[in-house]
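My notes follow in the order in which I looked things up.

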Amino acid sequence: MAERKQRVDVKLKKEDSVRVIAGKERGKTGRILRVDHAKGRVFLHGINMVKKAVKKRKQNDRGGIIDIEGSIAVSDVMIICAKCGPTRIGYKFDGDAKVRICKKCGEPL
Ligand SMILES: [Zn+2]
C-alpha cells in the first residue's frame, strides 16, 4: 500500500499575530512562539496551556507539574491583518522576492 504523506504547507511564521478560530481557545489572539512544520501546528505565547510533568534535573530542582504551551492546528488559527483583522495569506512577487500579503486587501503581512 502506498504511503500517504500529509505535508501541511504552513504559511505562518514565528512572531506572527494570529486569532484562534476553533477549539477551546477560540477568539483569543496571540503571537506565534514556534511553528511545527512537520505536524502543521503552531504554539502561541501563553495560549492553550497544558500541564506537563518535569523530572528533577538537579538536586535542588523541585520537578513536578508545569504549565507549557500546547500546540494548535494551523487550520484553527488565522493571521491578523492590521487593516482587516483575521484573514488568509496570499503571495505576490516583488521583483524576485515572494511577499506574503493579505488576501482581502493585498497589504503585505
Ligand atoms: Zn488586509
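I began with the sheet: six strands form an open sheet in the order 6-3-2-1-7-8, with antiparallel pairing. I took strands as DSSP runs of E of at least two residues and helices as runs of H or I of at least four residues, both numbered from the N terminus, and I took two strands as paired if DSSP finds at least two bridges between them. Strand 6 (72-73) and strand 8 stand at the edges with a single partner strand each, so one side of each is left without a neighbour in the sheet.

Before going further I noted that this is a predicted model, in which local features need pLDDT of at least 70 and side-chain atom pairs count only at pLDDT 80 or more, while totals for chains, interfaces and linings use all residues. Residues are numbered from 1 along each chain as its sequence is written, and side-chain values use heavy atoms, with hydrogens and water left out.

I then went through some of the pairings. Strand 1 (residues 17-20) runs antiparallel to strand 7 (residues 77-81), with three bridges between them, and Val-20 is bridged to Val-77 in strand 7. Strand 7 is in turn joined to strand 8 (residues 85-87) by three antiparallel bridges, with Thr-87 of strand 8 as the partner of Ile-79. Three residues lie between strand 7 and strand 8, and the two form a hairpin.

For the whole protein, I counted zero helices and ten strands. The radius of gyration, taken over C-alpha atoms, is 18 Å, whereas a compact globule of 109 residues would have one near 13 Å; the globule rule is 2.2 Å times the number of residues to the power 0.38. Along the principal axes, the C-alpha atoms fill a box of roughly 55 × 45 × 30 Å. Buried residues (under 20% relative accessible area, with exposed over 50% and partly exposed in between, for a 1.4 Å probe and protein chains only) make up 28% of the 109 residues.

Next I looked up Asp-67, which lies in strand 5 (residues 64-69). Leaving aside neighbours within four places in sequence, Asp-67 is in contact (heavy atoms within 4.5 Å) with Met-49, Val-50 and Lys-51.

Glu-15, not a glycine, has a positive phi of about 75°; Glu-15 lies in the segment before strand 1 and counts as partly exposed at 39% relative accessibility. Asn-48 also has a positive phi, near 60°, and is placed in the loop between strand 3 and strand 4 (49-54). Asn-48 counts as buried, because its relative accessibility is 12%.
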